Amino acid sequence: RLLDQMDGLPLAIELLGLVSVGFTAFEDLERAWKNQKLDLLEYGTGPRNLSMNQSLEFSLRSKVLEKRPEAVQLLKLIAQLPEGIAKIDLDSLHADAASDIAILWRLALVFYEPPEPPVARVRLLSTVREHVSRKHRPPAEALERLAMHVVSVLVDWAPKLGTKDGKAARAKLRPEALNIEAMMNVLLEPKSANPLHAVDAAGPYGRFIRYTGLGTANLMEKAAETAMRLAAPLGGRQRDQYLQKAAHCYRYIAETALWNPRLVEGDATVWFERALGLYSESRNGWGRAQCLLGLADWSIFPGSIDSDQAGSWYQEARALFNKYGDSMGEANCIFGIGQVALELGALDESRGHFAEAFELYQEKGLIEGIGNYYLALGDIWRAEGRQNDAREKYQQALNCFEEIAEDYSIGRAYQHLATVIADERKERLYRMAAIEKWDAVNRTDLSDDLRADMKSGPIEES
C-alpha cells in the first residue's frame, strides 16, 4: 500500500526501503508514514539523494525556476488541488500558464493524466504535492482566488445536473469532487474574505452530492455554522437574511438524507426541524414549505408510512407554495399526496393526483417529474394486473431518466422493469443494470439489497 503512494519514484522507494528496516511491523511503518509523510523519507545526513524533501527542494531551486518564479507560484496553487486541474482551466489561474506548466513538466514536477488533451488534467505526483502543499503554501489572496474559481465552477454547472445537460455537467464536476471540497473549506475558514460565496454554494453542492454520490454533508453543516456566525452580530433584515442562508444549508443536508441516508449523520427529520426553526425566526414561508414537503416525503418511506401526518404536511406545503407562486413545489406536493394514496391502495385517487402533477411537470418541462409520473402510473397498472401496460410506462420512465443522466432513478426504473418481465434472463439483466447505476451514485445499500434478493446465483459481469 505504501509503495503505491511513492508513485514509482526510485528515490522515494529506496528511502522507504532504508527506513523500513527499523520497523518490526508494517502497521508501525504505515502509522509513521501517515504522521510524518515525507519527513519519514530521510536517511542519514549525507547528500541530497538521501532525503526526499531535500531532493524536491533542489528541483524547486533550480536555475530554470529562479528565472520563472511564476511557474513556482502556479505549482503552489495546483498543489492545493487534490485532483489537479483540467488543462483547459489553466488560464483561469494566471496568464501564460501553459508555458509555466511546460517548464514544470520538463522538471518532472507535474504530469498530464490522461497524457493527451482535451480532457487532460495537470497533476502532481503525491510526493511532490505533499512537499509543496506543506512547505510552500501560496499567498492567501492567490489561494482565495483559486478557491473562488473552483467553487464558481460548481455553482455554474450543478444546476445543469438532472437536466438535458446533466451528462455534460456530471462529466465536468465529478473529476473536481475533492477540489471542490478543499476549496469550499478554504472559503469557510474564519479568515476568508469571501465566506458567503461558499455558503451560497451549499445548495449547488447538495445537488452535486445527490446526482453523483460524491461529497460530504459535513461541508454543508460547516456552511450553516458560518452563516450563523456571520448573523450573530447583526440585527433586523440583515440578520434574517443570514439566518435564512443557514436554514437553507440545514435543509440541503436534510434533502441529502432523503436521497442517501448513509451520507448524513442523523435522519432527515432532525435537519428539517432545525431548518424550520430558522425559517420561522426569519419569517420565510417558502422555506417552511420546502421543509414540510421534505418531512412528508421522509414520512412515506416504504415500511414506515405515516399517511395522516404526510397528508397534513403535503396539504400545508401545497398551500404555501401556491401562495408564493411556486408551481413546481405545488406539483411535488400533489404528487406526494398521490404516493400516499397509492401506498394505501386507493388506486383511482392516486391516479387523479398523479395526473394533476403530470400536467404541471409537462407545463414546466420537468423531465424528472415526468419520469416519476410514468413510474407511478406503472405501479398502478401493475397493481391492477396490467403487466404489459406497466412495462410500457416503466420503459417511458427509463427513457426520461436516461435523458437527464439521473443514475439513481435509472436504477429504480430498471428495478421496476424487472418485476414485470417473464424472461428470467432479461429480469436478471435489468437487476444487474439497476445495481450498476446505484453503485455509480454510492447507493450501495440499495444495490447490496438487490444482490441479496437475486435468487439465480452470484451476479456475473455482463
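**Charged pairs**

I started with R431 and E427, whose side chains form a salt bridge with N and O 3.4 Å apart. For the record, a salt bridge here is a side-chain nitrogen of Lys or Arg within 4 Å of a carboxyl oxygen of Asp or Glu. Both residues sit in helix α23 (residues 424-440), and because they are 4 residues apart, about one helical turn separates them. Helices (H or I, at least four residues) and strands (E, at least two) are DSSP runs, numbered from the N terminus.

R431 is buried at 19% relative accessible area, while E427 is partly exposed at 23%. My cut-offs were under 20% for buried, over 50% for exposed and in between for partly exposed, with a 1.4 Å probe and protein chains only. I also noted a network: salt bridges with shared partners connect D348, R351, E384, R386 and D389.

Before going on, I wrote down the ground rules. This is a predicted model, in which local features need pLDDT of at least 70 and side-chain atom pairs count only at pLDDT 80 or more, whereas totals for chains, interfaces and linings use all residues. Residues are numbered from 1 along each chain as its sequence is written, and side-chain values use heavy atoms, with hydrogens and water left out.

Next I looked at E255 and R251, which meet in a salt bridge at 3.0 Å, N to O. Both belong to helix α14 (residues 236-259) and are 4 residues apart, about one turn of the helix. E255 is partly exposed at 24% relative accessibility, and R251 is buried at 5%.

How many salt bridges does a search of the whole structure find? I got 30. As a reminder to myself, side chains of opposite charge can pair when their charged atoms come close.

I picked R210 and E368 next, a salt bridge whose closest N and O atoms are 2.1 Å apart. The pair links distant parts of the chain: R210 is in helix α12 (residues 202-212) and E368 is in helix α20 (residues 367-383), 158 residues apart. Is E368 buried or exposed? E368 is buried, at 12% relative accessible area.

**Helix α20 against helix α22**

α20 and helix α22 (residues 407-418) pack at about 20°, with their axes 11 Å apart. The axes are lines fitted to C-alpha atoms, for helices over the stretch in contact, and the angles run from 0 to 180 degrees between N-to-C directions. The two helices are therefore roughly parallel; angles under 35 degrees count as roughly parallel, over 145 as roughly antiparallel, 65 to 115 as roughly perpendicular and the rest as oblique.

α20 passes α22 in a left-handed crossing. I kept the convention beside it: left-handed if the near helix is turned anticlockwise from the far one by less than a right angle, right-handed if clockwise.

On the α20 side, E368, N372, L375 and D379 make the contact, and on the α22 side S409, R412, A413 and H416 do. Contact means heavy atoms within 4.5 Å. I sorted these residues into 2 nonpolar, 3 polar and 3 charged. In that sorting, Ala, Val, Leu, Ile, Met, Phe, Trp, Tyr, Cys and Pro are nonpolar, Asp, Glu, Lys and Arg are charged, and the others, Gly among them, are polar.

**Helix α8 against helix α10**

Helix α8 (residues 140-157) and helix α10 (residues 177-187) pack at about 125°, with axes 9 Å apart. That makes α8 oblique to α10. The crossing of α8 past α10 is left-handed. Residues of α8 in the contact include L143, L146 and V150, and those of α10 include I180, M183 and L187. The contact residues divide into 12 nonpolar, 1 polar and 1 charged.

**Two loop residues with positive phi**

R283 is not a glycine, yet its phi is positive, near 60°. R283 lies in the loop between α15 (268-281) and α16 (285-299), and is exposed at 62% relative accessibility.

A405 is also not a glycine and has a positive phi of about 55°. A405 is in the loop between α21 (387-403) and α22, and is buried at 9% relative accessible area.

**Whole chain**

Last, I noted the totals. The protein chain has 24 helices and 3 strands, and 50% of its 462 residues count as buried.
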